[in-house]
Amino acid sequence: MKINYALLSRVLIALLFVVAGIQKMMGFNEVVAYIGSLGVPMPMIATIIVILIEVPVALAYAYGYRVCYTGGVLVAFTVLATILAHRDFSIGANMVMALKNIAIIGGILATTGVCSC
């Protein structure tokens with residue numbers, strides 16, 4: 001049996017986004033309040049956009065649908081989320097979360113590196 005490592009990589013990366021998106025749906029009001037506390041305008045709309053990126057876009061990426069584009073959306077989202085939510089390195093967990101996000105970006109870039117958008 002031959003393992004499709006590209007598919008496995010996309011599924012494992014997408015799993016992070018899908019689980020996070022489902023958690024945001026389950027705690028929607030708390031997430032809206034948190035996003036509002038970051039200074040993001042229209043936090044309810046922003047939360048809905050976040051969930052729409054984290055769940056359906058990540059599932060499409062995992063499935064292999066337009067990997068270059070869905071991967072690009074996930075990279076842009078992760079860069080923005082890192083800048084907005086994990087910028088204060090005086091909080092120890094923020095540095096770890098930022099580094100985790102950088103690793104996720106690296107994984108996405110590795111799986112989309114053969115694309116020619």
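This is a predicted model: local features need pLDDT of at least 70, side-chain atom pairs count only at pLDDT 80 or more; totals for chains, interfaces and linings use all residues.

Residues are numbered from 1 along each chain as its sequence is written, and side-chain values use heavy atoms, with hydrogens and water left out.

**Stop 1: the largest pocket**

Select Lys24, Val50, Glu54, Phe77 and Ala81. Of the 25 residues that line the largest pocket, these are the closest to its centre. The pocket holds about 640 Å³ of space. On a 1 Å grid over the protein atoms alone, a pocket is an open set of points where a 1.4 Å probe fits, with protein on both sides within 12 Å along at least five of seven lines; lining residues have an atom within 4 Å of a point. The volume is the space filled by probe spheres set on the points, which are joined across faces, edges and corners.

Next, colour the helices, which are DSSP runs (H or I, at least four residues) numbered from the N terminus. At least two lining residues come from each of α1 (5–26), α2 (28–37), α3 (43–63), α4 (67–85) and α5 (92–112). The greatest contribution is that of α4, with six residues. By class, the lining comprises 19 nonpolar, three polar and three charged residues. Here Ala, Val, Leu, Ile, Met, Phe, Trp, Tyr, Cys and Pro count as nonpolar, Asp, Glu, Lys and Arg as charged, and the others, Gly among them, as polar.

**Stop 2: the salt bridge**

Keep Lys24 and Glu54 selected and display their side chains. They meet in a salt bridge, at 3.3 Å from N to O. Glutamate 54 lies in α3 and lysine 24 in α1, so the pair ties together parts that are 30 residues apart in sequence. The model has one salt bridge by the rule that a side-chain nitrogen of Lys or Arg lies within 4 Å of a carboxyl oxygen of Asp or Glu. Glutamate 54 is buried, at 5% relative accessible area; buried means under 20%, exposed over 50%, and partly exposed in between (1.4 Å probe, protein chains only).

**Stop 3: a nonpolar surface patch**

Select Met1, Ile3, Tyr5, Leu8, Leu12, Leu15 and Val19, which make a nonpolar patch of about 790 Å². Patch residues have over 30% relative accessible area and no salt bridge, and nonpolar side chains (Val, Leu, Ile, Met, Phe, Trp, Tyr) are joined within 5 Å. Areas come from the Shrake-Rupley method with a 1.4 Å probe. Leucine 8, in α1, is partly exposed at 40%.

**Stop 4: two loops with positive phi**

Most residues other than glycine have a negative phi. Select methionine 42, in the loop between α2 and α3: its phi is near 50 degrees, and the residue is exposed at 60% relative accessibility. Then move to arginine 66, in the loop between α3 and α4. Arginine 66 has a phi near 45 degrees and is partly exposed at 46% relative accessibility.

**Stop 5**

Select arginine 87, in the loop between α4 and α5, which is exposed at 53% relative accessible area. A C-alpha to C-alpha distance of 9.7 Å separates arginine 87 from methionine 97, ten residues away in sequence.

Finally, select alanine 110 in α5, exposed at 63% relative accessible area.

Technical notes: Patches are made of residues with over 30% relative accessible area and no salt bridge: like charges are joined within 9 Å, nonpolar side chains (Val, Leu, Ile, Met, Phe, Trp, Tyr) within 5 Å.
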